[in-house]
Amino acid sequence: MNLQIRSLDLLYRLSAETLTDEQLGGYRYQHLLELKNLAGQMPDGGALYAAFRQRLFRKVAHHLTSLHRKIVVGILCGYSSEWIGDELYWLLEHSNVFEPYVFALRSRTKPAEEQENQKEYDAFVQDIQRRGLRLVENFNTKEQREYTWQELPVHPDICIWLSPWMYLFQGDLRIWNFPLTTLHTYIPYGYFVVTNAQKTFYYDQFNQELHNLAWLIFQETAISLKLSEKYCFSGSRNCRYTGYPKMDDYFVPREKESSLWDSLLSENGTPHAKKIIYSPHHTLATDDVITLSTFASNGKLMLQLARKYSKETVWVFKPHPQLGLKAIRAGLFKSETEWEAYLDAWKSLPNATVQLSGGYHRLFRESDAIINDSGSFLAEYLFVNKPMLELRRPEQAFNAFGEKILEEALYQADGKDAAGIERFIQDVVLKGNDSKASNRKALFAKYLDYYHSSKHTAAENIFGTIYAQLSMDGGII
């Protein structure tokens, strides 16, 4: 039976209320996706599809609540930089309803990037093991292949995705390969503040397969709820505003992060030096989905400035995890050896070091300023109300929220403007002439302070939403 006929069979059985739990497991998310595509050819198809999807998910939820066992929750992630923190895992673990696992996904991109992809995967696996969380690996490193569904030691009933980019990996854990006995949820991997010149990035952020197949999506801001309604084919019916769990540590510190600043200040013999983060993005090429990075123009300059102000400042170079790979591809470095030499140049300075991965709440909290051309950090750094210099290039594009942050709360300089960058260090960082502090505070309170508006962390909001929605859809309450 071909895909379309099988999908219409699912539609008929559910509409006629003849779909049994046993039959449910015989369908896959590819059948639901096909119904979404068919609905796209109809007037008002998005609303019709969303209504059918909601009816189907009530059936799935009822199936899960009737199992009379703990419901297996899989948190699916491929990079340490995407990890949202441990609180949600432990809330699930300590309940009497759920049993959480972390599913490690291995990126499969270009052949030339396989070594870097393996390093990222290994680092994430080791990080989760170090944290003492249950881990399920989806990749056989020895044989360089994904495990099949049958080979996995446990199968999730509910998935929590931390990225929507299904094309980055292969195998049975792509969402459309799952049986319809699972429910999928999604936590966006950062704050949505950027777009591209063509304005198509809105659809990447709100209208991928995952957005239209998800049972629940946990939005980081109320603004994203409105954008989901506008740009997602099926609207925002499956979206909830919960806040962003990676930011929970700013409200309720839990993770014991070491301080890079303490050792830098001590080793440099400058206990009162100002603490600066330099955090360039990886999107160097104009054919990237978005283009933000100015590293090609100022990577060497920042090293010079760190040397020049060695008694007044200490620095942490915190590049996006993919910057080295992209910089080599762009020809800024001839090889990984040259990239490593650049990192060593930072580490060799008495007043600087490098952070390539790991938590950064304490790093942000104890810093005095950041020089940046990233996306999500525009919003994330508002949580500590410290000055940011956003480095600009003509190809950058920001959505309305990003533009508001830029114009009202951040300092800006062209990425090639050495004098402008140095003025920020001299005037704002060293002299303390921070005229935008009150604007940052007001923007944070209005758009980002989910904790004081909801009285809960984002992890608590997400846990509570999953439990309540499962209970309602499953017919328990």
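Helices here are DSSP runs of H or I with at least four residues, numbered from the N terminus. The model is a predicted one, so let's walk through some of its features together.

Q: How far does helix H1 reach from its first C-alpha to its last?
A: Helix H1 covers residues 3-15, which gives 13 residues. The expected span is 1.5 Å times one less than the number of residues, and for H1 the expected value is 18 Å. The reach in the model is close to that, at 18 Å.

Q: Within what arc do the buried residues of H1 fall, seen down the helix axis?
A: The buried residues of H1 are Ser7, Asp9, Leu10 and Leu14. Seen down the axis, they line one face of the helix, because they fall within an arc of 155 degrees.

Q: Which helices are included in what covers the buried residues of H1?
A: Ser7, Asp9, Leu10 and Leu14 are the residues of H1 that are buried. Their cover includes helix H3 (29-39) and helix H4 (45-65).

Q: At the start of H1, which residue has a side-chain oxygen that reaches to the backbone nitrogen of Gln4?
A: A polar contact needs N or O atoms within 3.5 Å. Here the oxygen comes to within 3.2 Å of the Gln4 nitrogen. The residue that supplies this oxygen is Asn2.

Q: What residue with a positive phi follows H1?
A: H1 itself takes in residues 3-15. The residue that follows has phi near 60 degrees, and this residue is Glu17.

Q: Is the aromatic pair of Trp161 and Phe169 stacked or edge-to-face?
A: By the ring-centre rule, the model holds 42 aromatic pairs. In this one, the centres are 6.0 Å apart and the planes are at 25 degrees. Trp161 and Phe169 are both buried. Planes under 30 degrees apart count as stacked, so the pair of Trp161 and Phe169 is stacked.

Q: What is the angle between the planes of Tyr360 and Phe364?
A: Tyr360 is buried, with a relative accessible area of 9%, and Phe364 is buried as well, at 0%. Their ring centres are 4.9 Å apart. The pair counts as tilted, and its angle is 45 degrees.

Q: Which residues do ring pairs link into a cluster?
A: Rings pair if their centres lie within 6.5 Å. Pairs of this kind join Tyr191, Tyr244, Tyr250, Phe251, Phe383, Phe444, Tyr450 and Tyr451.

Q: How many Å apart in space are Asp262 and Glu366, C-alpha to C-alpha?
A: Asp262 lies in helix H10 (residues 260-268) and is partly exposed, at 44% relative accessibility. Along the sequence, Asp262 and Glu366 are 104 residues apart. In space, their C-alpha atoms are apart by 9.5 Å.

Q: What is phi of Gln144, a residue other than glycine?
A: Gln144 sits in the loop between strand S4 (139-140) and strand S5 (145-146). At 33% relative accessibility, Gln144 is partly exposed. Its phi is positive, near 55 degrees.

Q: Is Lys455 buried or exposed?
A: Lys455 belongs to the loop between helix H19 (450-454) and helix H20 (458-473). Its phi is positive too, near 70 degrees. Relative accessibility over 50% counts as exposed, so at 62% Lys455 is exposed.

How values were computed:
Residues are numbered from 1 along each chain as its sequence is written. This is a predicted model: local features need pLDDT of at least 70, side-chain atom pairs count only at pLDDT 80 or more; totals for chains, interfaces and linings use all residues. Side-chain values use heavy atoms; hydrogens and water are left out. Helices (H or I, at least four residues) and strands (E, at least two) are DSSP runs, numbered from the N terminus. Buried means under 20% relative accessible area, exposed over 50%, partly exposed in between (1.4 Å probe, protein chains only). The arc is that of the directions from the helix axis to the C-beta atoms. Contact means heavy atoms within 4.5 Å. A polar contact is a pair of N or O atoms within 3.5 Å; within protein, one must be able to donate a hydrogen and the other to accept it, and residues adjacent in sequence count only if both atoms are side-chain atoms. Rings of Phe, Tyr and Trp (its six-membered ring) pair if their centres lie within 6.5 Å; planes under 30 degrees apart count as stacked, over 60 as edge-to-face and the rest as tilted.
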